[in-house]
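I opened the model today to look at strand pairing. My notes follow in the order I looked things up.

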Amino acid sequence: MYQARFRLQDGKQQPLREHILGVASLSESFGAKLNLSQTMRLAGLLHDMGKYDQQFQDFIEGERQRALQNPKQYLSQKRKSDFDHGVYGAKYFFQTFYLGKSRRGAIVEIIAMACCYHHGGLKDCVDVCNQSPLLERFEKLDQHRMEQAYQRFSQEIQEDLTKLFHQALEELVPIIEGVTKMKDGVFCYHLLIKTIYSMLIDADRMDSMCFEENRGISSVIEREQQFPVWEEYQGRFEVYLSQLNQKPPAEPKTEQVNRIRQAISEECFLASSRGTGIYHLTVPTGGGKTLSSMRFALNHNRLHQKQRIVYVIPYTSIIEQNAEQIRKALGYQCDLLEHHSNLLEDNQQEDYKLLTERWDSDIIFTTMVQFLNTFYHRGTQDMRRLHHLMNATIIFDEIQTLPIKCMDLFTSAINFLHQVGNSTLVLCTATQPYRNLSGHPVIQESEYAEIVQDVCRNFERLKRVQVVYEPKKYDLEQFRQFLLERKREVKSLLAVVNKVDTASTVLEMLEQSPELEGTKLFYLSTRLCPAHRGKVLEELKQALKDGKDLICVSTSLIEAGVDISFEAAVRSLTRLDSVAQTAGRVNRNGERELGYCYAVKLQEGSYNNMPEYPIGIDHADSVLRMTSDGLSPSSIKEFFQLYYQDMRISEQFSYPLNGSPSIYKLLQNKGEKSQLFTTVKFQSAAQPFEVIGNDTIPVIVPYGEGLQLIEKLEELHEFSPMEEKKRLLSQLRRYSVNLYRYQLQTLKNAVTQNQATGAYLLSSLHYDDCLGVTLEDGLALF
């Protein structure tokens, strides 16, 4: 028997034939959503042909014997095979079916690349000399060894590869023709390759996972072929909304706001019958976007047979709140995943490949970082999820927060998801950005793109806050005095600043202010884990409800999707849309006739790592000096026109790289002089890609229940079931903080790595009950 792998717990071997046929079946089921079932079956059959080579069989059996004889020694001295098994099927397929640079040739290249690189990530298609690394990899494989492996393969896998190839041509040719006709088709061609690659690696990892857990793949295939019962989800959701609407308002002043929210919800429900497309949902802050957009998605999925709903949020801080709101609306009877971040690094260990998140739930709440990583990050950890974004409804909350450098990458990704992936995209915000500039890809939105028709009237009716601009510059002491003056006028005050270190300093200054005796101080920043932030928000909401005297000092994370209402706010000047978002946390439910949001120029030090900040401040300053209503749609549009047309901003849209073409250009298939049709530089583009500018690592922190979960994690070992590891890691996402690598280096003596999973764990000495992650001397880490 030829073996694909063995199970560490009992040494049981997985027959190679079983694995290959399992991956082929899974790939086929994944491909069906894009009419690529036979294409994917073919790729699944070819991907592990190389494991029939005797060298691999000798290696895997040798490792199995080592594990059986001395498991502990085996675990401490695991050996990674450097055997290149992916190239066998790729080379055989290429030699058999390639007929030169053409659309047929492109199809052969795509399948060959997916098979060849199914471990380790896609590589560049051309090098600096316009040579093909794929062909060079083929040259390194001895022809005789490949033919011997194929003979063994064909004896066990008795399928007609020629027939499958011609079926693949019928499937892929029209898709490639459709992609090339897209306005950004030279870019979107590479996304098609990534989609096929995503299906193959997910099938490969999933079959391995099922073997490790001693279960069949039939349940995975059955789930893939079935659609969620959207009628049941929708029914529970409508009952919840009806009960919500029947509740009397907390006070008469909030009744008008509730009526407007209900009207917006009805418009979303009616618009959900429109076809698959790209839509805008422009609603004032406090207009009920979360529930209204979900109502759109549930009915849209029911009518158009979409497979899942993906809700993309700008920050990890609000995933729990929004997800909990939807769970409650669905009566806590839903398959809903919260995916904040990856707790494991992309590496060569098998456990990592099996434990990574797949996004196969009915409803997924995740972040913009995770969404963009799915398309553009290096390795295979994130790209595995990509095919689950096909035939879905994807809601983007607070779309104006999209990082500038990712603008073009995002635009082409959603165009691809719509036109090739048959997905519906909804771009939600109170401050819809104006971004269609010449020389850059344009969102291919639907003919009637705006879901809510009378946007300006809704803004007029929901106006509850006045922005007051203070153009003079404030240092931190003057800012403290300004906060104290504003606090004397109200019981609850929100202060939002641009930098984490500023927030912690302002908090410390307020704590030392005798004038605030009896005033409760709250603090929110990204150095608090999601569970900690959730607890702070709960306490904050209760204090607001009880009418307590309080000040909350926060970074911008409070601005997106946090349903909370203060009497007044002070915002350190930044982009105008961010000022508007802070204003959305004031008088949110119309509790008083008018609330006030004060925008001030606070000196927060250098913005060396955030060069777009001073540019946004300058243009916000220009607009606020010229208008009496900084929250109106016309003011927001004026700001974005100035901001996006500023060359210092627009030249960043395509993710420029120092001394190299932009990432967007690297991923275009321009037909350079090369040996092959496909010339995309996958690896060169993926290696430097980071959504937030610097590479970060999630670290699990010992906060609250997280401490007990860490103890359970530490009790695990290599033989522990994969499902148990995955369950614990899923729970621990709420107790993680993303740290820059240099910060991790600073805390290196306080961070350990869990042996069973590879996750990073922080010592309890470095997590503060107020400030979150701290340095050894107790100062806040920023």
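Which strand pairs with β10 (residues 492–496) in the parallel sense over five bridges? I found strand β12, residues 550–554. I keep in mind that this is a predicted model.

I then looked up one residue pair in this pairing. Leu 494 has Cys 552 in β12 as its bridge partner.

Next I checked β11 against β12. These two strands also pair in the parallel sense, over five bridges. Here I noted Tyr 523, which stands opposite Val 553 in β12. I followed the chain from β11 to β12 and found that the path goes through helix α22, residues 530–545. This β-α-β crossover is right-handed.

Is β12 buried or exposed? I counted five of its five residues as buried, so I put the strand down as mostly covered, with the cut-off for buried being under 20% relative accessible area. I also sorted the residues by face. Leu 550, Cys 552 and Ser 554 lie on one side, and Ile 551 and Val 553 lie on the other. Both faces are covered.

Last, I placed these strands in their sheet. The sheet is open and has six strands, in the order β9-β14-β13-β10-β12-β11, with parallel pairing. Why is one side of β9 (465–474) and of β11 (520–524) left without a neighbour in the sheet? Both strands stand at the edges, and each has a single partner strand, so one side of each has no neighbour there. For the twist I noted an average of 15° from one strand to the next.

Notes: Residues numbered from 1 in each chain as written. Predicted model: local features only at pLDDT ≥ 70, side-chain atom pairs only at ≥ 80, totals over all residues. Heavy atoms only, no water. Pairing = 2+ DSSP bridges. Helix = DSSP H or I, 4+ residues; strand = E, 2+ residues; numbered from the N terminus. Axes fitted to C-alpha atoms, helices over the stretch in contact; angles between N-to-C directions. Buried < 20%, exposed > 50% of the residue type's maximum accessible area, 1.4 Å probe, protein only. Right-handed = clockwise from strand over helix to strand, strands pointing away.
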